[in-house]
Amino acid sequence: DWTTGNVIEEQVAAIREQVGDKRAICGLSGGVDSAVAAALVQKAIGSQLTCVYVDHGLMRKGETEQVEKDFVAATGVQLKVVDAEERFLKALAGVSDPEEKRKIIGREFIRVFEQAQLEIMQEAGPEVAFLVQGTLYPDVVESGGGTGTANIKSHHNVGGLPDDIEFELVEPLRQLFKDEVRMVGQELGLPDEIVQRQPFPGPGLGIRIVGEVTKERLDLLREADAIAREELTAAGLDRDIWQCPVVLLADVRSVGVQGDGRTYGHPVVLRPVSSEDAMTADWSRLPYDVLARISTRITNEVKDVNRVVLDVTSKPPGTIEWE
Ligand code: XMP
């Protein structure tokens, strides 16, 4: 009999059996899967788990606080937050090419995460032997089904650890689909803002700024994105759309007028899409009054943005994200 209660009970028992009295580490991304995986493992082994959250400075407004405060409050998990904003901004300085940005963000992420793992191991010792991952059933099928291990190299920069550390993977969501993961998360008491989260790319807002990524541009985009999300939520449209990226065209300027002055600001693009699995998508026919509210608020409230445009391209030929 499939119930979320049964799934939780079964997984808690399996995790306890697998981990024993050793310790585990889990990376939190702010997304649903890692949050639910961590909450399950926390329920099973409590303080034997440490979570790591890398704040790369590319998150949307309020997302880091959701992890730092709401997730911790809901689960009681031990959390190590690494503030790596400056490091990421430095690495991204001067870079406009989308693939280059993705590579840099991915590389820095792994470096920061591994460093945090090593620090935890240094404090807690070699009994840290497990790495929790939010792998879902569709990921398992896609990759051929094996379970595995993960390696990190210590690069001789911390004392007392072997050069090459191997973790065994704990993957408590391997039998679940996304909607089941959300139900389990809800049953575990996670906040709705995390459990009902729409998809958000790992490289974050870094790939929603067309052009170079800077702190100022990120702050602009964060404001515009927050307004769009607020209005879509207020209109009750969260469940109807798959996601709605807001993209800042940072290298484009256009002339506008506001008050009695000419403006020369940036456009933002709204990219609302409907989809089943993100492989294909259609642009969402949002009500005009909702679009109007979003546009009015963004151009009034976000300094330097003087135009809001709507992306009416399906996928294919357009991808959902712009980079
Ligand atoms: P595209 O732009 O390829 O996006 O149509 C399809 C879906 O994947 C998300 N996306 C990502 N998710 N890491 C992620 O975890 C990434 O690098 C990444 N790039 C795109 C995108 O938001 C959409 O839901």
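**Close-up views of a predicted model**

**View 1. How helices α9 and α10 pack.** In this predicted model, α9 and α10 cross with a right-handed sense. Helix α9 spans residues 215–234 and helix α10 spans residues 288–301. Their axes sit 9 Å apart, at an angle of about 150 degrees. Since angles over 145 degrees count as roughly antiparallel, α9 is therefore roughly antiparallel to α10. From α9, the contact uses E223, A224, I227, A228, E231 and L232. The α10 side brings in V290, R293, I294, R297, I298 and E301. Sorted by class, that contact between α9 and α10 holds 7 nonpolar and 5 charged residues, with no polar ones.

**View 2. Helices α4 and α5.** Here we look at α4 (residues 85–92) against α5 (residues 98–124). The two axes come within 10 Å and cross at roughly 145 degrees. The crossing of this pair is right-handed. On the α4 side, pick out R87, F88, A91 and L92. They meet K101, I104, I105, E108 and V112 of α5. The class count for the contact of α4 with α5 is 6 nonpolar, no polar and 3 charged residues.

**View 3. Helices α1 and α7.** Next up is α1 (residues 4–19) with α7 (residues 178–187). Their axes lie 9 Å apart and the packing angle is about 80 degrees. With 65 to 115 degrees counting as roughly perpendicular, α1 and α7 are therefore roughly perpendicular to each other. By class, the contact of α1 with α7 splits into 4 nonpolar, 2 polar and 1 charged.

**View 4. The shell around the ligand.** The ligand is surrounded by P199, P201, G202, P203 and Q243, along with A278, K315, T319, I320 and E321. Grouped by class, this shell has 5 nonpolar, 3 polar and 2 charged residues. Two of these names, A278 and K315, come back in the backbone views below.

**View 5. Backbone at A278.** A278 belongs to the shell around the ligand. Its place is in the loop between β11 (273–274) and β12 (282–283). What is the phi of A278? The value is positive, about 70 degrees, although A278 is not a glycine. Most residues other than glycine have a negative phi.

View 6. Strand β13 covers 305–310, and P316 lies in the segment after it. P317 is also in the segment after β13. The peptide bond from K315 to P316 is cis, with omega near -10 degrees. The peptide bond from P316 to P317 is cis too, with omega near 10 degrees. Most peptide bonds are trans.

View 7. The domain assignment of the protein chain gives domain 1 (4–194) and domain 2 (208–310). The C-alpha centres of domain 1 and domain 2 are 30 Å apart. Their contact takes 10 residues from domain 1 and 8 residues from domain 2. On the domain 1 side that touches domain 2, the classes come out as 4 nonpolar, 3 polar and 3 charged residues.

How values were computed
Residues numbered from 1 in each chain as written. Predicted model: local features only at pLDDT ≥ 70, side-chain atom pairs only at ≥ 80, totals over all residues. Domains from an automatic or database assignment. Contact = placed C-beta atoms within 7 Å. Nonpolar A, V, L, I, M, F, W, Y, C, P; charged D, E, K, R; others polar. Near = placed C-beta within 6 Å. Axes fitted to C-alpha atoms, helices over the stretch in contact; angles between N-to-C directions. Helix = DSSP H or I, 4+ residues; strand = E, 2+ residues; numbered from the N terminus. Parallel < 35°, antiparallel > 145°, perpendicular 65-115°, else oblique. Left-handed = near helix turned anticlockwise from the far one by under 90°.
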